[in-house]
Amino acid sequence: MVTRINLALQGGGAHGAFTWGVLDRLLDEEEIEVAGISGTSAGALNGAAYKAGWVRGGREGARDTLNALWARMGAVSDMRLPAWMTPAATAFQSLFTPAAADVARAMAFSPPKLAADMMKGITSPYTYGPFYQNPLEPVVRQFDYDSVCAQEGPRLFICATNVRTGKVRIFTRREISTESILASACLPTLFQAVEIDDPATGRREAYWDGGYSGNPALFPLFDPELPDDVVIVNINPLERDEIPMTPQQIENRMNEISFNSSLLRELRAIAFVQRLLERHQVPQGTMKHVLVHMIADDAMMRDLSVVTKSLPNPILLGQLKVAGRQAADQFLTAHRDQIGQASSMDLTSLLN
C-alpha cells in the first residue's frame, strides 16, 4: 500500500546537502509517495530538482537530478564573494579532508572567511557594480522548468519574502522560475534582491530569502487535496546548550534563531488546531488535522556554523549527504508505522 506524504524542506545554504541525503533515502521507499513539497532557499533547490527529475524519470530521475544539482553546487567556490575573488577560497577548500566539524572550525578562520568578514562591514552586494553576479544563477538556471512547473508529480511551493512588505509569497506551478528560486535563496547580505512581477499588487517587487517569513512555509501543504502527513527536514538546530560568546558563535546562533522562528510559529498554530480537534471544540472536517514528523541531525549541525552554509566544500557536501541518509533511515526505522496514523513529533514538549 502506497503512503502519501508532504515534505517541508528547510533552507540553510550548503547545509541543504543534508536534505539531498534525506531525499535520496526516501527515494528507496517504493511505498512512500511524495505528494507535495514546500521548500525555502536550499530547500527550494532540492524541491525543484526532485520534482524535475521525478516528472522526467520517476525515482531514478529524481535521484539523478539531485546528484547533478549538488555536483553543480560543489563547483561554487564561495557564495559570499564575487567570482573574481574566489580562487583563494577554492584552493583553500581543496586542502581539507577531515571531519565536518574540523572543516567548519578551520573555515571560520580561513583567509577567505576573514576577507569576507572585513568586506561585509564596508560593502553590500550592490557595491560590485558590473562585477556582481549571483553565484547561484548558473546552478539554478539549468533546471528543466517545463518539468518543475508540470501538473504531474508532487505539487511544489517555493517561499520568498517581499522586501517592501515583509510578507511571505508562495510561488507555485507556472510562477516558479530561475528568478523565484533565486529569490527564495537571496540572503540580503550576500546577494542583490531579486525583482519579480507580482500580479496581486500590479508592481515589480523585490524579494529576499524565504527563511525570514517561512522556513519552510507549512501552510501551502494544508490543502485538502494533499495528505495529512508533513515531514519537515530541519537543518537549523532548534536548541544549543552553550551560550555563544565569540563573534562567530553569536552570529551563528542569531542566524539559527532567525531562520527557525517562522517554523516555530507555524508549529504552534498546528498544535493549537490539534488541541481544538482533539477536544471536539471545532467540527471535524472544518480544519485539517496535520500529522507532523521531523528528520534532523542536530548533533552534526551544531558542529557546523553559518560559515559552512556559504562555503559548499564538496567534501563537506558528501558528508552531509551521508548524514541525511542516515537520519532518514533512523526516522523510517522508528516512525514508519506512524505515518498516516499519528504525529511522531511531540509538539507540546518542543514548544514549551
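Ser 41 sits in the loop between strand 2 (32–40) and helix 2; helices here (H or I, at least four residues) and strands (E, at least two) are DSSP runs, numbered from the N terminus. Its phi is near 55°, a positive value in a residue other than glycine. Most residues other than glycine have a negative phi, and most peptide bonds are trans. Ser 41 is buried, with a relative accessible area of 8%; buried means under 20% relative accessible area, exposed over 50%, and partly exposed in between, with a 1.4 Å probe and protein chains only.

Let me state the basis of these values. This is a predicted model, in which local features need pLDDT of at least 70, side-chain atom pairs count only at pLDDT 80 or more, and totals for chains, interfaces and linings use all residues. Residues are numbered from 1 along each chain as its sequence is written, and side-chain values use heavy atoms, with hydrogens and water left out.

His 280 also has a positive phi, of about 60°, although it is not a glycine. Is His 280 buried or exposed? His 280 is exposed, at 64% relative accessible area, and its place is in the loop between helix 9 (247–278) and strand 8 (291–295). A further backbone feature is the cis peptide bond that joins Asn 215 and Pro 216, with omega about -10°. Pro 216 lies in the loop between strand 6 (203–209) and strand 7 (229–233).

I turn to the chain as a whole. The chain has 13 helices and 8 strands, and 55% of its 352 residues count as buried. Among contacts (heavy atoms within 4.5 Å) with a separation of 6 or more, 77% are between residues 24 or more positions apart.

Next, the interior. A nonpolar core is a set of buried Ala, Val, Leu, Ile, Met, Phe, Trp, Tyr and Cys residues joined through side-chain atoms within 4.5 Å. The largest has 64 residues, of which Leu 7, Phe 18, Phe 143, Ile 176 and Ile 181 touch the most other members. Helix 2 (residues 42–74) gives the most to this core, with 11 residues. Apart from it lies another core, of 22 residues, among them Ala 217 and Leu 263. Leaving aside neighbours within four places in sequence, Phe 18 is in contact with residues including Val 233, Ile 295, Met 301 and Leu 320.

Ser 147 is found in helix 7 (residues 145–148) and counts as buried at 6% relative accessibility. Its side chain is joined to that of Asp 144 by a polar contact of 2.8 Å. A polar contact is a pair of N or O atoms within 3.5 Å; within protein, one must be able to donate a hydrogen and the other to accept it, and residues adjacent in sequence count only if both atoms are side-chain atoms. Not counting residues up to four places away in sequence, Ser 147 touches Lys 51, Ala 52, Val 55 and Arg 56.

Thr 308, in helix 11 (residues 306–310), counts as buried because its relative accessibility is 0%. Which side chain does the side chain of Thr 308 meet in a polar contact? The partner is His 15, at 2.7 Å.
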